Amino acid sequence: MKFVNKIFGKPSGAHSGSAALSTSDESQGDALAHVHQLDYGATLLECALSGGDMQKRARQRIADLFDADAVSIKTLQHDIEDELTLLGILSLRSDIAHLDNFLTEHHSEDEITEYCLLTNMAALRRHLLKHVHEESHLKRLEKHFKTRDKSCYRDIRNHFEAIKVRAAEEAALIEKLAKLKSEIEAHSARAFNADYRTKYNSLLRRQALLAEQADSAWRSTTTEALASCHAKIEAHAESLEKTDTLPEDQSELVGQLIEETCKCYTSIWKNISLDEAHVRANFDQLKTRWQALANASEAHTVESSRFFRIVEAGENLLTNIAAESQLKKALLAFEDDTTPIPELNAQNKLIQPHIKSLSRVFSADIPASITAILDTYSAREKRLSTAEEKRKTHFKQIGIDIGRAKAAVNNGQLRRAQGIHHSLEKRIDETDNVPQHIQRNFDELVTSIENLGDWQSYAIKPKLEKLISDMQTLADAPLSPELQATRIQAYQHEWKDVAGSGAAKFQDLWLAFKQASDSAYEVCKRHYEARDEQKKINADHCTQLISHLHEYNGNYDWENPDWSQVEKILRSAKTEWQNYSPLPKNVQKKLRNAFTDALKPIQQRIDDEQLHNKSEKERLIRSLAQIKDSDDLSHAMDVAKKFQKQWKNIGRCHHRDEDKLWNEFRSHCDAIFSQRDNLRAEKNAEIDQAVAAAESFIQTAISILEADEEAFHEQAQQLDALKTQFDAIDHLPKQRKQKLGQKLNAIQTKIEARSEQSRKRKHTHAWQQLFALNKEANHVLYNDGQNDEKAEIENSLKQLSHVPNQCIKALAGKLSLLVTDQKTRDENKLCLQKLCIRAEIISDQQTPESDKLLRMQYQVELLQQGLNAQHHHNNPNSLAADWLAVGPVVPEDYALYFDRFFTSWNQL
């Protein structure tokens with residue numbers, strides 16, 4: 001006993017709750033009895049995910065807790081990952097509508113079909129089947145369960161048939177609606193003729209009968225078409241009125257006569273007991289009055305035609321009433337809405353010709369009394385139509401049930417077939433005018449059931465003998481007690497199903513089966529006796545637990561309680577109590593009440609403490625609510641932090657209050673700290689804006705660095721301005737600004753390096769062009785070139801930049817030289833040779849062996865000339881200018897000396 005172990009030490013014979021649920025077969029059997037006492041938690045979930053009877057009872061317990069709102073659907077979805085298990089639990093609820101909503105919201109028909117194939121719960125499978133409507137899914141289920149579950153297979157077949165019936169009804173209705181719509185549209189397109197109004201009234205009544213079953217589009221279309229028909233009728237009436245109208249002084253008299261005629265006609269429908277001679281005399285009097293009016297005026301053709309049609313219709317109706325007694329009865333019951341359907345149908349057939357006559361007579365401006373007659377007839381027609389639909393549905397269902405009964409016969413299920421037959425027989429006897437094909441199928445069913453009963457008298461005996469053998473095997477080789485009892489019960493149910501109504505024929509076999517059953521039950525009997533003994537032990541443990549609770553309550557120091565420990569002790573006691581189940585029935589209620597009484601004073605102390613904690617937390621919330629909007633944000637934050645510490649030191653409230661109070665307290669704290677966060681956000685926004693500006697300057701510098709050569713030289717001039725703007729940025733943290741400044745400096749360094757490299761490239765390229773022009777000038781001068789060639793070189797020379805002016809002047813001076821002789825050219829060659837030596841001396845390069853003596857002579861001359869000569873000697877630009885000023889030499893010699901000269905000069 002976990003609770004007893006905590007306080008009083010471990011007594012002998014104690015066992016834990018988990019062990020009680022998972023050890024031997026006997027303890028497993030005991031656990032089944034107290035699963036219904038478990039609260040929602042890990043233990044109950046573990047049982048629900050196990051197998052066997054333990055699983056069934058645990059799932060039922062969770063469903064009961066769900067019904068009692070002790071657990072929510074979100075909790076179950078979080079704790080139970082297997083969707084099929086969750087659906088199984090929902091199917092055990094008393095309110096099965098919740099499962100319908102869950103399936104509709106979370107699962108497609110494909111998923112429901114898969115669950116239907118996977119589940120072992122028949123109840124869940126039947127419920128899932130209600131949500132499967134697609135033909136492909138139903139065929140798949142039908143094929144799967146045909147040899148696995150006959151009951152489910154029958155349900156699928158019935159579902160299939162019901163869907164087909166509904167589909168056929170819907171198709172018939174669609175066809176009917178389409179046909180009527182086509183007729184109405186065709187009539188609206190017709191020109192007005194003699195029977196136009198009659199056809200219009202008929203279509204109007206049919207449209208009213210079907211409007212409730214049609215969609216809005218159909219109603220809108222047909223209503224518009226009928227409105228078009230009505231407009232044609234009114235237009236025709238107006239045209240007649242314009243061409244044939246009475247004088248104003250006689251129109252009122254004509255209207256009165258027609259109105260009196262209509263009342264006389266209506267009185268025949270309303271009061272059949274009127275004297276025929278009296279009514280005919282009234283008609284004659286009306287005709288005399290009309291004739292007198294007609295003699296006074298001839299412009300009354302339309303009204304006259306209408307008047308005499310009404311009179312003619314009334315006299316014909318009187319004649320028919322006198323000739324047919326059934327018509328009189330039909331008119332007497334015309335407004336009776338309780339008339340049986342068969343009589344109503346016969347009456348309407350008699351009344352229908354006169355209704356058609358009414359439609360022809362009153363083609364326009366129908367009086368209210370006549371409209372009432374037409375409306376009453378339409379209501380009777382609608383009632384007949386509804387009754388006919390119900391009758392068709394009734395016989396369709398009878399046909400489906402006959403098919404179910406025949407399927408039961410084919411599967412050898414005599415009792416099921418007999419049950420369906422009994423229901424069908426009662427319904428057919430209560431129905432009039434059963435169609436021949438229904439009666440023929442029913443008679444065939446009766447014959448099939450009788451034949452199956454005769455056949456089973458011979459086929460049942462081997463099955464019963466097999467059940468006796470199986471039961472005897474169970475007695476000789478018993479299983480675990482719980483499984484043994486389940487198997488015995490299954491065999492007994494199977495015996496009942498197989499023997500059925502013919503059990504009296506197999507009394508000897510029944511005695512042998514019962515004897516084998518009693519022998520097999522001995523194992524279960526011993527098990528239940530041992531369980532009864534365990535119940536007594538459990539009762540002793542419960543009594544001891546109750547005693548310890550009273551002792552704990554009396555001895556505990558309630559002045560200095562540790563409430564977390566008290567709550568833990570209380571939970572342990574409840575858990576321990578659940579482990580001692582089942583209990584003897586005679587003391588079960590007494591012990592449960594005693595245990596509840598032992599818990600009450602401890603629970604009351606916990607409740608009082610939780611109520612006190614609730615009060616303290618509400619006090620903190622009220623105080624915090626008063627300062628949350630304070631202007632002194634720093635003070636409000638200090639108080640909020642202080643209250644948060646106090647909140648942690650206050651004990652727990654009841655779980656239904658704890659979350660609510662905490663959320664309210666947290667919202668006040670958040671309101672205070674959100675103000676601080678807002679200030680920080682504003683500051684951060686300023687910083688972000690400053691950083692964005694700085695980064696934009698850096699990005700501009702990067703774009704300058706990455707620009708092409710032409711744009712680079714133009715944009716590089718903006719770098720100093722960017723640097724100034726960057727230094728002027730405010731609200732940028734020092735460390736961040738320093739880091740971004742370093743980045744900008746690095747880019748600036750790269751830009752300056754690129755500028756220097758560009759300058760050098762331009763300088764080098766200019767020198768290369770200058771030396772190339774010198775080479776060309778040497779060639780032109782050596783070959784005594786023309787002036788236009790010299791002019792072209794001079795033009796190119798003027799366009800050069802990035803080279804010293806003295807070099808340009810030197811080359812320009814050489815171009816002005818006159819043609820020289822061979823001696824001058826030899827001197828020029830020697831001059832080039834000395835310039836090569838001079839370049840090699842300055843660049844500290846070796847001179848070829850053949851010119852070393854000349855180099856020595858040059859160095860002596862240089863010493864003799866003094867410092868000024870040495871300065872000119874060491875200047876690279878002066879060296880290049882001297883080279884360019886030398887007159888023409890043999891082009892091959894120039895190329896040889898230039899390579900030697902340029903190699904040394906380029907090192908400077």
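Student: Which residue forms a salt bridge with Lys535?

Tutor: First, this is a predicted model, where local features need pLDDT of at least 70, side-chain atom pairs count only at pLDDT 80 or more, and totals for chains, interfaces and linings use all residues. Residues are numbered from 1 along each chain as its sequence is written, and side-chain values use heavy atoms, leaving out hydrogens and water. A salt bridge is a side-chain nitrogen of Lys or Arg within 4 Å of a carboxyl oxygen of Asp or Glu. With the closest N and O atoms 4.0 Å apart, the partner of Lys535 is Asp532.

Student: How are Lys535 and Asp532 separated in helix H24?

Tutor: Helices here are DSSP runs (H or I, at least four residues), numbered from the N terminus. Helix H24 covers residues 507-555, and Lys535 and Asp532 sit three residues apart in it, so they are separated by about one helical turn.

Student: Is Lys535 buried or exposed?

Tutor: Buried means under 20% relative accessible area, exposed over 50%, and partly exposed in between (1.4 Å probe, protein chains only). Asp532 has 39% relative accessibility, so Asp532 counts as partly exposed. Lys535 has a relative accessible area of 15%, so Lys535 is buried.

Student: Which residue forms a salt bridge with Arg206?

Tutor: Look for closest N and O atoms 2.8 Å apart, and you'll find Arg206 paired with Glu183. The pair links distant parts of the chain, 23 residues apart, with Arg206 in helix H13 (residues 196-210) and Glu183 in helix H12 (residues 150-189). Arg206 is partly exposed at 30% relative accessibility.

Student: How far apart are the closest N and O atoms of Arg666 and Asp670?

Tutor: These two are four residues apart in helix H28 (residues 655-706), so about one helical turn separates them. Arg666 is partly exposed at 40%, and Asp670 is partly exposed at 38%. Their salt bridge has its closest N and O atoms at 3.1 Å.

Student: How many salt bridges does the count come to?

Tutor: Some share partners, and in that way Asp401, Arg404 and Arg427 are joined into one network. By the salt bridge rule, the count comes to 19.

Student: In which helix is Glu789 found?

Tutor: Glu789 has 36% relative accessibility, so Glu789 counts as partly exposed. Helix H32 covers residues 787-798. Glu789 is found in helix H32.
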